[in-house]
Amino acid sequence: MEELRIEANGNLGPIDSARIPRYAGAATFARLPRLDQVAKADVTVVGVPFDSGVSYRPGARFGANHVREASRLLRPYNPAWDVSPFENLQVADAGDMAVNPFNINEAIESIQQNALDLTAAGSKLLTLGGDHTIALPLLRAAAERTGQPVAMLHFDAHLDTWDTYFGAEYTHGTPFRRAVEEGILDTEAISHIGTRGPLYGKKDLDDDHRFGFGIVTSADVYYQGVLETVAKVRDRIGNRPLYISVDIDVLDPAHAPGTGTPEAGGLTSRELIEIIRGFRGMNLVGADVVEVAPAYDHADITGVAGSHVAYELVTLMADNADEGGPTSGNGYAAQALGRENRRPAGFAAAPAQAPAASAEAAR
């Protein structure tokens, strides 16, 4: 079947959905070209079908393709940013890494080398997991590429800074402890967002604090709101090279049932997406979306959430494409941050509030 693609600014974009139905053809991320169809990619999307590090429900090895299928409905213009990410950057899908499902150490080494290979020509990497074990080799590669420890924002219901499970050092609950121990994280600029639920003991929090992590719980987001959460994060991270790791279980099971270790009381998909939009202008060098387990999904709820989160992360990379800074001061993401130059049609300014009536007038 002939691929009728949208092209702009010399970049090969998604298949034109006005000419070929969304449900037809191969399911690359957002119906974008494969890596072998472009000369060079500014952003490479890659899957890692690996879940041998899970401690509860397996199935995240099928997550990348589930997210790809759900991403068929994504469109090329993101009005929240007033950015067309696939015009600003050449984005391509590299398919899946082939990693050993029976040897975690070998798998970690393979993922790290594949990540280095895919970024050798300057491409940024957006990875679709897979369980959270894969974040460690991806962080190793990101730190090697930037030449310094990286800042990290970790969206998750869980800390993932435990020491071992059944004596194993490398699992989906240990990657960020190992990353701190290896010196690949900037410990003055690392934070969890969305954590909640029971722990094994208070020592879990003591260890996490000792490693340098800040914690914004899901309750903090609920009580303080998205804008205050964004302000705190931006103040902590600044313009350091930033890696964002999103475990889809940061969302409440109502918004992401298809995951291995669900916890009640999580973020809504709207809150997560709006927080990411608040990072406009930050120096994102890489990202992942992990722990989507389609066997437990219903009506593709989790796949849809994962695809939209991935799309916002690509847009964040694209928004900074011109001269290292945001390409536009428009869109309702900028509006929310109070930095918008023009409100898109349909998003009129809120009317000024009338002065509060005096108690005398009220009577």
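## Reading pockets, packing and burial

Mentor: Let's start with a serine: Ser218 lies in helix 7, which covers residues 218-224. Keep in mind that this is a predicted model.

Trainee: Okay. Is Ser218 buried or exposed?

Mentor: The general idea is a cut-off: buried means under 20% relative accessible area. Ser218 has a relative accessible area of 10%, so it is buried.

Trainee: Which residues does Ser218 touch?

Mentor: Leave out residues up to four places away in sequence, and Ser218 touches Gly194, Thr195, Arg196, Gly265, Gly266 and Leu267.

Trainee: Now Arg61. Where does it lie?

Mentor: Look in the loop between strand 3 (43-48) and helix 1 (63-70).

Trainee: How do I read a pair of packed helices?

Mentor: Two packed helices are described by the angle between their axes and the distance between the axes. Here, take helix 3 (residues 104-118) and helix 4: their axes come within 8 Å and cross at roughly 35 degrees. The crossing of helix 3 with helix 4 is right-handed.

Trainee: Which residues make that contact?

Mentor: From helix 3 you have Ile108, Ile111, Gln112, Ala115 and Leu116, and from helix 4 there are Pro137, Leu138, Arg140, Ala141, Glu144 and Arg145. Sorted by class, the contact has 7 nonpolar, 1 polar and 3 charged residues.

Trainee: On to pockets. How many residues line the largest pocket?

Mentor: The largest pocket holds about 320 Å³ of space. Its lining has 19 residues, with His158, Trp162, Tyr165, Tyr200 and Glu263 nearest the centre. By class, that lining has 7 nonpolar, 6 polar and 6 charged residues.

Trainee: What about the second largest pocket: which residues lie nearest its centre?

Mentor: Those are Thr119, Ser123, Ala142, Arg145 and Val285, out of 16 lining residues. Strand 5 (124-129), helix 4 (135-146) and strand 10 (284-290) are the elements that give two or more residues to this lining. Helix 4 provides the largest share, 5 residues. The lining of the second largest pocket divides into 8 nonpolar, 6 polar and 2 charged residues, and the space inside is about 240 Å³.

Notes:
Residues numbered from 1 in each chain as written. Predicted model: local features only at pLDDT ≥ 70, side-chain atom pairs only at ≥ 80, totals over all residues. Heavy atoms only, no water. 1 Å grid on protein atoms, 1.4 Å probe; cavity = no way out; pocket = protein on both sides within 12 Å on 5 of 7 lines; lining within 4 Å. Points joined across faces, edges and corners; volume = space filled by probe spheres on them. Nonpolar A, V, L, I, M, F, W, Y, C, P; charged D, E, K, R; others polar. Helix = DSSP H or I, 4+ residues; strand = E, 2+ residues; numbered from the N terminus. Axes fitted to C-alpha atoms, helices over the stretch in contact; angles between N-to-C directions. Left-handed = near helix turned anticlockwise from the far one by under 90°. Contact = heavy atoms within 4.5 Å. Buried < 20%, exposed > 50% of the residue type's maximum accessible area, 1.4 Å probe, protein only.
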